[in-house]
Amino acid sequence: MIPFLDLKTQYLNIKDEIDTAVLKVLESTQFILGSEVTALEEEFAQYCDADYGIAVNTGTSALHLALLAAGIGAGDQVITVPFTFVATVAAICYTGATPVFVDIDPVSYTIDVTQIEKAITDRTKAILPVHLYGQPANMEPILEIARRYGLTVIEDAAQAHGAEYKGQRVGSIGDIGCFSFYPGKNLGAYGEGGMIVTNNPEYTRTMRMLRDWGQERKYHHVLKGYNYRMDGIQGAILRVKLRYLEAWTEGRIANAKQYDELLADSGLVTPTLMPYSRHVYHVYVVRSLQRDELQQKLNEQGIQTGIHYPIPVHLLEAYQDLGYQAGDFPHAEKAASEVLSLPMYAELSPAQINTVAQTLQSLLQGVTV
């Protein structure tokens, strides 16, 4: 069997370091925030070329606090994409603001920058591009539009640790960048976790208070805040794993290159590396008109796959109140019906990639893909 993700092998490769780091936290009894989380904030901010890092308990919390720090609330509008994990949109709704969708570019799967201006109203306060699958959105036009209209840019970099846009690390390109450390992410905790990075000291102060019940010091609550603090154990684990992130990323890039070569004449649509991009391949996504049939047959042959994501947010039952309908975002809807994520992680062997590709080629013979 070739698993979609293999966290067990990754853990066993660094087990001694992880176990030592966890035991150190147990000995210190700094279970909430503490020195390991503070060190992680500094090291991850440095990794992103940002001045400040604010560790939180989930990627969703990171998005929520970033929006609040930017002053977004009831009555405001935030522009984003419907083809993303639901947390992007949920976080906007948590603030009381309204998500306003713009379709994706069908090649990069990130926001279509040519459609952003048409979505701006006098209520628009921010643009929230998503670096989907590990490939950066086209940030230069986004920043130019944002500057012209006085909008905040908050990057959803939940899937893009180490990705670069024209040589600059994502997260530090806009005003605020938000990351997830969900276990399956390129940098994943052993539980939940998230991080916000920014160069703005006022945003930093606000978000540090908001994650900790709004207090600047114990029992002195300046804001009405939240319990979004990161556990000390997750901070210690992530510090160990951060040291391996670049090597793991290069492994993913090499694996993607092997997939590209083996699937070049398969008829499947493989990922397009945009010219401005360092793509970190959180997932490796192909497209097929026979997606569901392919997934079933791959599963029968012991190859696990995923779909990211089968329904765009504007068509989810939970978000029908936003008033969108089928046909509003044709590129997002078409992608949702065709995308299939193949196994992708640094520990994936060339032989396993070869097996996946050969199996796909075999299944596709005589099939309209």
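Leu26 is partly exposed, with a relative accessible area of 40%. The model discussed here is predicted.

Trainee: In which helix is the place of Leu26?

Mentor: Leu26 has a relative accessible area of 40%, so it counts as partly exposed. Its place in the chain is within residues 15–28, and that run is helix H2.

Trainee: Which residues make the nonpolar surface patch of about 370 Å²?

Mentor: A residue in a patch needs over 30% relative accessible area. Leu26, at 40%, is partly exposed. The patch of about 370 Å² is made by Leu26 together with Leu23, Phe31 and Ile32.

Trainee: How far apart are the end C-alpha atoms of H2?

Mentor: H2 has 14 residues, and at 1.5 Å a residue they should span 20 Å.

Trainee: What arc do the buried residues of H2 cover around the axis?

Mentor: The buried residues of H2 are Ile18, Ala21, Val22 and Val25. They lie on the same side of H2, because the arc they cover around the axis is only 95°.

Trainee: Which helices do the buried residues of H2 pack against?

Mentor: Buried means under 20% relative accessible area, and in H2 this holds for Ile18, Ala21, Val22 and Val25. The face turned away from this buried side carries the exposed residues Asp16, Thr20, Leu23, Lys24 and Glu27. The buried residues pack against helices H1 (7–13), H3 (35–47) and H9 (232–242).

Trainee: Why are Asp19 and Lys15 separated by about one helical turn?

Mentor: The side chains of Asp19 and Lys15 meet in a salt bridge, at 2.7 Å from N to O. Asp19 is partly exposed at 24% relative accessibility, and Lys15 is partly exposed at 33%. Because the two are four residues apart in helix H2, their separation is about one helical turn.

Trainee: How many residues apart in sequence are the parts that Arg208 and Glu41 tie together?

Mentor: The side chains of Arg208 and Glu41 meet in a salt bridge, at 3.9 Å from N to O. Arg208 lies in helix H8 and Glu41 in helix H3, so the pair ties together parts of the chain whose separation in sequence is 167 residues.

Trainee: Which helices hold Arg239 and Glu43?

Mentor: The side chains of Arg239 and Glu43 meet in a salt bridge, at 2.6 Å from N to O. This pair links distant parts of the chain, 196 residues apart: Arg239 is in helix H9 and Glu43 in helix H3.

Trainee: What is the distance between the C-alpha atoms of Asn200 and Tyr52?

Mentor: Asn200 lies in the loop between strand E9 (194–198) and helix H8 (201–210). Asn200 is partly exposed, with a relative accessible area of 26%. Asn200 and Tyr52 are 148 residues apart along the chain, and their C-alpha atoms are separated by 7.7 Å.

Technical notes: Residues are numbered from 1 along each chain as its sequence is written. This is a predicted model: local features need pLDDT of at least 70, side-chain atom pairs count only at pLDDT 80 or more; totals for chains, interfaces and linings use all residues. Side-chain values use heavy atoms; hydrogens and water are left out. Patches are made of residues with over 30% relative accessible area and no salt bridge: like charges are joined within 9 Å, nonpolar side chains (Val, Leu, Ile, Met, Phe, Trp, Tyr) within 5 Å. Accessible areas come from the Shrake-Rupley method with a 1.4 Å probe; for residues, only the protein chains shown count as cover. A salt bridge is a side-chain nitrogen of Lys or Arg within 4 Å of a carboxyl oxygen of Asp or Glu. Buried means under 20% relative accessible area, exposed over 50%, partly exposed in between (1.4 Å probe, protein chains only). The expected span of a helix is 1.5 Å times one less than its number of residues. The arc is that of the directions from the helix axis to the C-beta atoms. Contact means heavy atoms within 4.5 Å.
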